[in-house]
Structure formats: structure tokens, C-alpha cells
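Student: Could you walk me through the aromatic pairs and helix packing of this model?
Tutor: Gladly, let's look together.

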Amino acid sequence: MLSDPTAATARGGRRITSSTAISALVVVCLLPVVSPRALLAQYVMQAPSGIEIEFSSTQVRAMLDTTRTLEMNLQEDPRVLYFTLVGPAVETRDSLDAAYPWNAIEVRNDSVATILTPGNLREADRAYYNYAVIRMQLVRGLDPDVSCEELMERELEAVSAFVDGWVTSRLLFGGLPFTVLDELAFAREQGQLPSMLAAKADRQLGACSAEWSSDHPEAVEAYLSWRDTRFLELAEPAPESPNTTTRVESEGS
């Protein structure tokens with residue numbers, strides 16, 4: 001027995017006509033299809049090669065909270081005396097190494113530090129503050145007989161704090177791409193940060209840079225290969241330009 005459509009309407013049901021169904025279908029088809037990954041990855045950093053790191057808002061918020069906490073520690077700890085200066089811009093090939101935190105910051109002891117933020121990276125000052133605070137904290141508990149491996153772990157902690165500040169500066173505060181420092185974020189993401197610090201002769205590591213490189217030659221070689229073939233340029237050319245041979249040179253090489 002066929003139901004009476006007017007009876008359904010009278011009982012409070014909604015009558016769906018063919019034209020209503022078509023309209024609903026059109027609306028659904030016009031809605032964008034968004035993957036769950038796209039919903040989570042709300043922030044993106046891109047390398048010179050085009051590869052990307054995706055960050056969720058939760059990740060960026062956690063980095064920002066850490067950065068604010070460290071900056072507050074720097075400003076409110078009565079034991080700490082720090083000087084913040086603005087240095088010359090790091091723009092030429094010969095000056096780029098000055099942007100690395102281990103070169104821009106001098107930690108004199110557990111409560112005195114000089115922070116020299118490059119003039120063209122002022123929006124990244126929070127990243128340099130992060131590094132200075134962690135370095136001073138590490139000095140307070142540093143055993144003079146610490147092993148090279150432990151020294152590397154401590155420096156990784158400080159540089160990782162710098163990366164958190166750099167990422168928030170780039171993604172939340174309008175910081176411009178800067179290959180020398182962007183590489184730190186990509187190296188951390190890919191597990192290449194220890195090898196990068198050794199290869200760059202991070203001065204906080206002292207003689208440990210050469211020792212660590214000697215003990216981990218494969219890791220250093222893997223980093224250099226990743227840097228050349230993934231961070232700076234893709235090993236495989238893009239399909240739309242198979243004959244492309246242009247090499248993206250490192251700003252820091």
C-alpha cells in the first residue's frame with residue numbers, strides 16, 4: 001500500500017520533493033573535500049627544495065607556551081643578568097654563520113649572557129632568548145668531565161628550544177624564510193640535528209664536534225646527503241620540468 005505524502009506532512013514529517021533532493025545534492029557536491037591531515041596541519045614551513053614540514057595548531061601553541069615561559073624566566077629570575085643587543089644584518093655568505101644561536105649568544109656563566117640578535121632577524125629574538133636560558137640552566141648543572149655524547153645531548157636541548165622559538169617567529173609573528181635557520185627545523189624533524197651540529201662545528205661542543213663526527217661518520221654523511229638532495233634540492237626533478245638542472249646553492253655553504 002502506497003503511503004499518502006500529505007499524511008506524512010500532516011504528522012510533522014518533512015516532504016522531500018525531487019527538486020529539493022537535487023538542490024541538496026548540489027550543495028553537498030560544492031562543499032570542499034578536506035582530508036583529516038589537512039585539518040590538522042594548519043601551519044607549513046617550506047624548504048628551498050619545496051619539501052614541507054606541517055605543524056598543527058596544538059604543536060605551535062605548545063612551542064609558543066614554552067617560548068613565553070623561557071622568556072619570562074630570563075626577565076624575572078633575579079639571578080640572571082643579560083644584555084640584548086642588535087648586531088649587523090647577516091646577509092652575505094661570509095656573515096651567515098653569525099645567525100646560528102651558538103655564535104650569536106655568549107653565555108659567560110650560569111647567570112650572565114649576552115644575546116646578539118642579527119639586525120635582519122629581530123622578530124626572532126624570542127628564539128635567541130630560548131637558547132640563552134637553556135644554556136645558562138645547563139651551565140648550572142654541567143659536570144666538567146661530561147662525556148661527548150652527553151655534551152651533545154645538552155646542546156641538542158638548547159638548540160631544540162631555539163628551533164621552537166624560530167618556528168613560532170616564522171609561523172605566528174611574520175618572520176621571513178631564512179634558509180640557514182630553517183634548516184635547523186627541518187634537520188630536527190628528520191632526526192639529522194646532531195649530525196648538523198657536529199658538521200657545523202657548533203662552538204658550544206668544542207672538540208666534541210670533531211670527536212662526535214669521527215665516532216659517527218655514517219650519520220654525518222647521511223646528513224650531508226639529506227641536506228643536498230632533500231633540503232636544498234630534490235634528487236628527482238619534478239615531472240613538469242624533467243630537464244631542470246639548476247642547483248639551489250646553500251646560503252650557509
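Student: Which residues do ring pairs link into a cluster?
Tutor: A word on the source first: this is a predicted model, in which local features need pLDDT of at least 70, side-chain atom pairs count only at pLDDT 80 or more, and totals for chains, interfaces and linings use all residues. Residues are numbered from 1 along each chain as its sequence is written, and side-chain values use heavy atoms, with hydrogens and water left out. Rings of Phe, Tyr and Trp (its six-membered ring) pair if their centres lie within 6.5 Å; planes under 30 degrees apart are stacked, over 60 edge-to-face and the rest tilted. The cluster that ring pairs link together consists of Phe186, Tyr223, Trp226 and Phe231.

Student: How many aromatic pairs does this rule give, and why is the pair of Tyr100 and Trp102 stacked?
Tutor: The rule gives five aromatic pairs. For Tyr100 and Trp102, the ring centres are 4.7 Å apart and the planes are at 5°, so this pair counts as stacked.

Student: Are Tyr100 and Trp102 buried or exposed?
Tutor: The cut-offs, with a 1.4 Å probe and protein chains only, are under 20% relative accessible area for buried, over 50% for exposed, and partly exposed in between. By these, both Tyr100 and Trp102 are buried.

Student: What is the angle between the planes of Tyr223 and Trp226?
Tutor: Both residues belong to helix α11 (residues 217-231), three residues apart, about one turn of the helix; helices here are DSSP runs (H or I, at least four residues) and strands too (E, at least two), numbered from the N terminus. Tyr223 is buried at 1% relative accessible area, and Trp226 is buried at 8%. Their rings form a tilted pair, 6.2 Å centre to centre, and the angle between the planes is 35°.

Student: At what angle do helices α4 and α6 pack?
Tutor: Axes are lines fitted to C-alpha atoms, for helices over the stretch in contact, and angles run from 0 to 180 degrees between N-to-C directions. Helix α4 (residues 57-76) and helix α6 (residues 125-140) have axes 9 Å apart, and they pack at an angle of about 65°.

Student: Which residues of α6 make the contact with α4?
Tutor: Contact means heavy atoms within 4.5 Å. On the α4 side are Thr67, Leu70, Glu71, Asn73 and Leu74. The α6 side is made by Arg126, Tyr129, Asn130, Val133, Ile134, Met136 and Gln137.
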